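This briefing covers one protein chain. The overall make-up comes before the local detail.

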Amino acid sequence: MRSKKEGKRRSSSSSPARNRTIIVDSGGFEQRRSPSRSSNPSTVPRATSLLDTEIVTEGFEERQIYPDYRNPNPRSFPYSVKQQCWEKAEKIKGRDPERWRRDPLGNIVFRKLVGCPGCLCHDYDHIIPYSKGGQSTLENCQVLQATVNRSKGNKTEISKADLIQKSSYCRVAGREMDLLELSAYGNVRRGQDSGGCRIQ
């Protein structure tokens with residue numbers, strides 16, 4: 001419930017008749033002043049909105065906001081690349097390929113589990129590390145068990161055998177996979193090659 005003072009303050013500050021300047025102090029609070037009260041109006045920065053120009057916060061460097069700025073090589077993969085990267089990972093026979101895949105080391109990963117440390121979790125990994133010039137493109141992307149990806153880091157001289165040893169092994173049967181699907185999606189879907197019955 002708003003007090004009468006808030007309603008009055010809001011209506012008076014939004015009045016187009018008054019020419020006001022918005023100043024952000026070191027605590028991040030907005031102060032409004034009329035040009036007549038300011039001793040030197042030329043030194044007072046004018047702004048229409050805090051989001052239009054810049055953010056000033058004590059203890060942090062000043063940063064300009066450019067809404068149309070796009071990094072030509074972002075560190076994380078774009079959504080469309082992640083989708084295609086999932087599609088190129090190995091399918092698991094009898095399971096829905098939209099939900100289950102194998103990484104290049106043979107580890108089973110579940111699509112809903114991303115970035116966590118569990119044995120069914122995965123990351124979208126830069127084959128050539130980003131810090132060593134690797135691009136965030138489909139050709140440089142692979143689905144990799146998250147534990148292995150963290151162990152790999154930005155190393156390039158690491159063998160497949162070493163990565164397999166760093167894998168978080170877990171044996172998961174069809175029943176456990178069904179339960180995971182039920183909890184994550186609310187249903188169980190089989191792959192087209194599964195044969196057998198379908199649970200709906």
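Residues 24 or more positions apart account for 50% of the contacts in the chain with a separation of 6 or more. The model is a predicted one. Its secondary structure comes to 5 helices and 8 strands, in the order α-β-β-β-β-α-β-β-β-β-α-α-α along the sequence. Of the 200 residues, 28% count as buried.

**Nonpolar cores**

- The largest nonpolar core has 9 residues, namely Phe77, Val81, Cys85, Trp86, Ala89, Val109, Tyr124, Cys141 and Val143.
- Two or more residues of this core come from each of α2 (79-88) and β8.
- Helix α2 gives the most to this core, with 3 residues.
- Beyond its neighbours within four places in sequence, Val81 is in contact with Ser136, Thr137, Leu138 and Cys141.
- A second, separate core has 7 residues, among them Phe110, Leu120, Val172 and Met177.
- In soluble globular proteins, nonpolar side chains tend to be buried together.

- Strand β7 is mostly covered, with 5 of its 5 residues buried.
- On one side of β7 lie His122, Tyr124 and His126, and on the other Asp123 and Asp125; all are buried, so that both faces of the strand are covered.
- In a regular strand the side chains alternate between the two faces of the sheet.
- Strand β8 (residues 141-145) runs antiparallel to β7, and 5 bridges join the two.
- Asp125 stands opposite Gln142 in β8.

**His126**

- His126 belongs to strand β7 (residues 122-126).
- The relative accessible area of His126 is 12%, under the 20% limit, and therefore this residue counts as buried.
- A polar atom of the His126 side chain lies 3.3 Å from the backbone oxygen of Arg75.
- Leaving aside neighbours within four places in sequence, the contacts of His126 are with Arg75, Phe77, Gly134, Gln135, Ser136, Asn140 and Lys152.

**Ile108**

- Ile108 is in strand β6.
- With a relative accessible area of 17%, Ile108 is buried.
- Its contacts, apart from neighbours within four places in sequence, are Ile92, Trp100, Arg101, Arg102, Cys119, Leu120, Val172 and Met177.
- Ile108 and Tyr169 are 61 residues apart in sequence, and their C-alpha atoms are 9.4 Å apart in space.

**Helix α5**

- Helix α5 (residues 174-185) has 12 residues and should span 16 Å at 1.5 Å a residue; its end C-alpha atoms are 16 Å apart, which agrees.
- The buried residues of α5 are Met177, Asp178 and Glu181.
- Seen down the helix axis, these buried residues fall within an arc of 100 degrees, so they line one face of α5.
- An α-helix has 3.6 residues a turn, so residues three or four places apart point the same way.
- The buried residues of α5 pack against β5 (100-102) and β6 (108-110).
- Arg175 and Ser183 are exposed and sit on the face of α5 turned away from its buried side.
- Gly186 follows α5 and has a positive phi, near 85 degrees.

Technical notes. Residues numbered from 1 in each chain as written. Predicted model: local features only at pLDDT ≥ 70, side-chain atom pairs only at ≥ 80, totals over all residues. Heavy atoms only, no water. Helix = DSSP H or I, 4+ residues; strand = E, 2+ residues; numbered from the N terminus. Buried < 20%, exposed > 50% of the residue type's maximum accessible area, 1.4 Å probe, protein only. Polar contact = N/O pair within 3.5 Å; in protein donor to acceptor, adjacent residues only side chain to side chain. Contact = heavy atoms within 4.5 Å. Expected span 1.5 Å × (residues − 1). Arc of directions from axis to C-beta. Pairing = 2+ DSSP bridges. Core = buried A, V, L, I, M, F, W, Y, C linked by side-chain atoms within 4.5 Å.
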